[in-house]
Amino acid sequence: MTTKSSGSPPLGAPARIPSLPGLGTTWYERGVRYWLRRVFGAVLWFAVLAFACCIALALYQSFRGDLPSGVRMVWDWAQVVVSCVALV
């Protein structure tokens with residue numbers, strides 16, 4: 001009779017699938033179609049968020065463009081100060 005001093009499974013036994021946080025071992029049982037759907041969903045959400053950011057920037061630039069030049073400089077410096085405070 002052999003002893004299991006190395007901790008490895010005996011020959012012919014299926015390998016132990018590692019358990020991932022949040023997924024467990026179900027990630028191994030998923031097929032290619034599942035992962036393609038997940039990737040497509042992530043790309044779609046990225047495109048939606050990029051479009052929303054583009055609209056927000058366009059609205060902000062139109063607002064900033066309507067300001068007089070003196071007020072615009074004060075507005076820009078106020079934005080810099082508020083951004084630095086927000087980083088902290």
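Of the 88 residues of the protein chain, 2% count as buried, where buried means under 20% relative accessible area, exposed over 50% and partly exposed in between, with a 1.4 Å probe and protein chains only. This is a predicted model, in which local features need pLDDT of at least 70 and side-chain atom pairs count only at pLDDT 80 or more, while totals for chains, interfaces and linings use all residues. Residues are numbered from 1 along each chain as its sequence is written, and side-chain values use heavy atoms, with hydrogens and water left out.

The accessible surface of the protein chain comes to about 8,200 Å², of which 72% belongs to carbon and sulfur atoms; the areas come from the Shrake-Rupley method with a 1.4 Å probe. The protein chain has three helices and zero strands, in the pattern α-α-α along the sequence, helices being DSSP runs (H or I) of at least four residues and strands runs (E) of at least two.

The structure holds two aromatic pairs, counted when ring centres lie within 6.5 Å (the six-membered ring for Trp), with planes over 60 degrees apart classed as edge-to-face, under 30 as stacked and the rest as tilted.

| Pair | Centres apart | Planes at | Class |
|---|---|---|---|
| Tyr34 and Trp35 | 5.0 Å | 80° | edge-to-face |
| Phe63 and Trp75 | 5.4 Å | 75° | edge-to-face |

Tyr34 is buried, with a relative accessible area of 17%, whereas Trp35 counts as partly exposed at 34%.
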